[in-house]
Amino acid sequence: MTTSSQTQLTKPAVALHMAMELSSTTWKLAFSDQLGRNPRVRTIDAGDFVAMCEEIEATLRVFKLDEDTPVISCYEAGRDGFWIHRSLVALDIESHIVEPASIQVTRKKRRAKTDRIDAEKIVAALIRFKLGDRHACRMIRVPDMESEDERHLNREMRTIKAERTAHNNRIKGLLVTQGVTTVAIDRQFVERLDLYQTPAGKPLGTRLKERLTREFERMALATEQIRRLQMQQATMIRQANKEPEGCSPAAMIAGRLCSLSGIGPVTSWTLSTEIFSWRDISNRRQLAALVGLVPTPHSSGDDEREQGISKSGRAELRDLMIEIAWGWLRFQPDSELTKWYQRRFDDGTKRNRKIGIVAVARKLLVALGKYVRDGEIPAGAKMDGTRKFHYMASLMPRDATPKAA
């Protein structure tokens, strides 16, 4: 008679699990120490950590746990960012931030949703996650304060570019309402307002010209701010290439990326601060999933099909990688990736080119990750050691425009 070996399961360490459902005025706290126990739910004022500690102590007494029992906290990623996480860590509380879309919910057409229900779901998912169920939810990686601070440069530039585009479109739209369609928005735009006429030969209204002038001033200010941010990025990249000692990891990685032909300072800084400088990425699938460039197969019985890329990552990073991929085909014609694209997708049809550029973006992201981590230059890629930085043309008066560094 033979006996089958059984897997030895270790009893999990006793801990108090706390889930937080956040709002602008109140926080809903759900406590539990094990699966199957009805969570203890309490409400405190938003940001009241003293009341939170009091509720933790009260819950330890209710659950008959020791005072030194470890506390494990979790809340959903959202508007509040990471300051709550850092405050909890300072109180010696193990903290996690969960991706909201990863928490399992019922698929009924209508389901009850309250802060209490959400808090109870989060604490149950947290307990399962700590027991080893990696499918219970997904925790996000929290950047340190320095890495988070580095991201403001490129994120501010993206915001200001959107504002500049809005002002530009508004100016053109206001002129189109008067029948003026051919307009050059440059330094002399305000001076030419008196020359514009409607198709009937009448000048523009006084109030309209005043509004256009104010819109142009806001657009010129946004353009100048973008120019200054570009100059700041270029200065930091130059300094990292010349004197790497004392520079931040983000600047050094951006400098390395910028040495590749076809990748400029803005894109290299974005890739560095958002992906490569602080994230612990272990494989290529994690890297592609970060920007939503992984496939999503559907296989059920005899039904097998490919649904396309997941698009579940950062949308702005995915758009940026596709933009870089188009530039890679232009500036790196001798690279192996460009030749692969030309052999497989460049058959003259627009649909295949669009499908192929997404594949190029994924492969290029993986290749850049190897280049940053191991120094492995993408096959056939050429380096640009004499990079010249270009800045957005300023619309401010020439005497108020700073010279490029």
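Which residues lie nearest the centre of the largest pocket? In this predicted model, they are Glu99, Met139, Ile140, Arg279 and Leu290, part of a lining of 32 residues. The space inside the largest pocket comes to about 1200 Å³. Two elements give two or more residues to the lining, namely strand S5 (94-98) and helix H9 (284-290). Of the contributors, H9 gives the most, with four residues. Sorted by class, the lining has 13 nonpolar residues, joined by ten polar and nine charged ones.

Strand S5 also leads over to the sheet. Five strands make up an open sheet with mixed pairing, and their order is S3-S2-S1-S4-S5. Strand S3 (40-45) and S5 each have a single partner strand and stand at the edges, so one side of each is left without a neighbour in the sheet. On average, and with direction ignored, neighbouring strands here are turned by 25 degrees against each other. Threonine 26, for one, has aspartate 45 in S3 as its bridge partner.

Then there are the helices that lie across these strands. Helix H1 (residues 49-62) lies across strand S1 (16-22), S2, S3 and strand S4 (71-76). Its direction is at about 160 degrees to edge strand S3. Helix H2 (residues 83-90), for its part, lies across S1, S2, S4 and S5, and runs at about 160 degrees to S5.

Notes
Residues numbered from 1 in each chain as written. Predicted model: local features only at pLDDT ≥ 70, side-chain atom pairs only at ≥ 80, totals over all residues. Heavy atoms only, no water. 1 Å grid on protein atoms, 1.4 Å probe; cavity = no way out; pocket = protein on both sides within 12 Å on 5 of 7 lines; lining within 4 Å. Points joined across faces, edges and corners; volume = space filled by probe spheres on them. Nonpolar A, V, L, I, M, F, W, Y, C, P; charged D, E, K, R; others polar. Pairing = 2+ DSSP bridges. Axes fitted to C-alpha atoms, helices over the stretch in contact; angles between N-to-C directions. Contact = heavy atoms within 4.5 Å.
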